[in-house]
Every structure is written in structure tokens, then in C-alpha cells.
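Please read it with the coordinates open.

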Amino acid sequence: MGIRIAVLFSTLVLLAAAHAGAACPTPFERDVVRLVNVERANQGLAPLQIDARLTAAAQGHARDMARNDFVSHTGSNGSRFHERIEGQGYSGAPLAENVAAGYSSPASVVAGWMESAGHRANILNAALGHVGVAHIEQPGSQYHNYWSQSFGASPASVTTCTGTRVGDLADSRVQATTR
């Protein structure tokens, strides 16, 4: 009986780690955060910190847009960005979202967002301190590249991926930190 429990526990830990790891941004996505933080620094703002829950919300929405070949702040199931973010266990206002499609690089998508008043306002919102970014490539679709960026300002805690400090391409394990 003890071995079965240990195996089951180990399996659950591995499944949880795999799920949590899926919410860590890729180096390509982390480059978006780096470029966004350059824009924020140019305005005297603090850098955004990557949050795994916001990354998971962004990943889900980017995947939905890619699979269903659309670009919108409303999901194919009618969901709104705050519902997707809160659905990942992130709470705290304000919340915001940027989406884009067709841009093939971090530099081009950040430039596009900075040229749009609403997206720029989200990037440069001093009240926002956390971010999650997702990029999904969907060959054969109308736009080929789909982007989603989720923002939040939860003062209580941040769920980070260790090794995902801006410019750091190390390990991608998820770790919860309470302030």
C-alpha cells in the first residue's frame, strides 16, 4: 500500500510540475517582456515581473485564437480577459490584456503594441506590475502568429518561473512567492 501511495504521489507531483512548467514563458516570449520593460524603463517605470498564472491565461487565449483563427479580447467561448486571468487563480485589480496577430518576432509585436494607444497604455500602466506573454505559431492559418499578453497588479503574491528574470534563460520551474 505504501509503494502505491508513493507512486501515485510521485505521478501527481510530475503531472503538477508538467502543468506548472507549461505556464513558463519560452525564451522567445521572455524577449517580449524584456522589450516591454525597456519601454517602461524609458518612461521611468518599474519593470514587469513574469507571473506563471498570467502566462497560463495568455497561453490559453493565444492557443484559442490560433486554433480558431481569430484575433479578439473575447475568447471563442465568450470569455473575457479578466475571467481567463482569474480562472488561473490570479486576483487583484487592475487587470489588462494585449492581443495581436501576424507579427513574427518579439520586436515587431512590441512595436505594434506601442503604436496602438490602448495597448501602449497597458504596457505603460504604472499600476501593473506582473505580466504573462504567449506566442502560438499556427501554420496554415490566416495570421500564422498569435500573441496574448496578460497583465495584473496583485499586491499579495506572484507565481514565478525560477530562472525567468529578464535576460535569464535558465530553468523553468514554477515557484510561488508571497510578498
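The points below go through the sheet, the helices, some single residues and the backbone exceptions.

1. Basis. This is a predicted model, in which local features need pLDDT of at least 70 and side-chain atom pairs count only at pLDDT 80 or more, while totals for chains, interfaces and linings use all residues. Residues are numbered from 1 along each chain as its sequence is written, and side-chain values use heavy atoms, with hydrogens and water left out. Helices (H or I, at least four residues) and strands (E, at least two) are DSSP runs, numbered from the N terminus.

2. Sheet order. The 4 strands make an open sheet of mixed pairing, in the order β1-β3-β4-β2; two strands pair if DSSP finds at least two bridges between them. β1 (49-50) and β2 (96-101) are the edge strands, each with a single partner, so one side of each has no neighbour in the sheet.

3. Strand pairing. Strands of a sheet pair through backbone hydrogen bonds, either parallel or antiparallel. β1 pairs with β3 (residues 130-137) in the parallel sense over 2 bridges, and Gln49 stands opposite His130 in β3. β3 and β4 are antiparallel, with 8 bridges; here His130 stands opposite Gly152 in β4. The pairing of β2 with β4 is antiparallel over 6 bridges, and Val99 stands opposite Ser148 in β4.

4. Cover on β4. Of the 8 residues of β4, 8 are buried, where buried means under 20% relative accessible area, exposed over 50% and partly exposed in between (1.4 Å probe, protein chains only). Asn145, Trp147, Gln149 and Phe151 point one way from the strand, and Tyr146, Ser148, Ser150 and Gly152 point the other way.

5. Helix α2 on the sheet. Helix α2 (residues 27-42) lies across β1, β3 and β4 (145-152), and runs at about 135° to β3. Axes are lines fitted to C-alpha atoms, for helices over the stretch in contact, and angles run from 0 to 180 degrees between N-to-C directions.

6. Helices α2 and α5. The axes of α2 and α5 (residues 106-114) come within 9 Å and cross at roughly 40°. That makes α2 oblique to α5, since angles under 35 degrees count as roughly parallel, over 145 as roughly antiparallel, 65 to 115 as roughly perpendicular and the rest as oblique. The contact (heavy atoms within 4.5 Å) is made by Phe28, Asp31, Val32, Leu35, Val36 and Glu39 of α2 and by Pro106, Ala107, Val109, Val110, Trp113 and Met114 of α5.

7. Cover on α5. Which residues of α5 are buried? They are Pro106, Val109, Val110, Gly112, Trp113 and Met114. The cover over these buried residues includes α2, β2, α6 (117-123) and β4.

8. Arg30. This residue is in α2 and is buried, with a relative accessible area of 7%. The Arg30 side chain reaches the backbone oxygen of Pro25 at 3.2 Å. A polar contact is a pair of N or O atoms within 3.5 Å; within protein, one must be able to donate a hydrogen and the other to accept it, and residues adjacent in sequence count only if both atoms are side-chain atoms.

9. Ile85. Located in helix α4, Ile85 is buried at 1% relative accessibility. Not counting residues up to four places away in sequence, Ile85 touches Leu54, Ala57, Tyr90, Leu95, Ala96, Ser150 and Phe151. The C-alpha atoms of Ile85 and Gly132 are separated by 9.8 Å, and the two residues are 47 apart along the chain.

10. Ala121. This residue of helix α6 is partly exposed, at 46% relative accessibility. Ala121 and Ala96 are 25 residues apart in sequence and 9.8 Å apart in space, C-alpha to C-alpha.

11. Backbone exceptions. Most residues other than glycine have a negative phi, and most peptide bonds are trans. Asp69, in the loop between α3 (52-68) and α4, has a positive phi near 55° and is partly exposed at 30% relative accessibility. His144, in the loop between β3 and β4, has a positive phi near 70° and is partly exposed, with a relative accessible area of 29%. The peptide bond from Ala93 to Pro94 is cis, with omega near 0°; Pro94 is in the loop between α4 (81-87) and β2.
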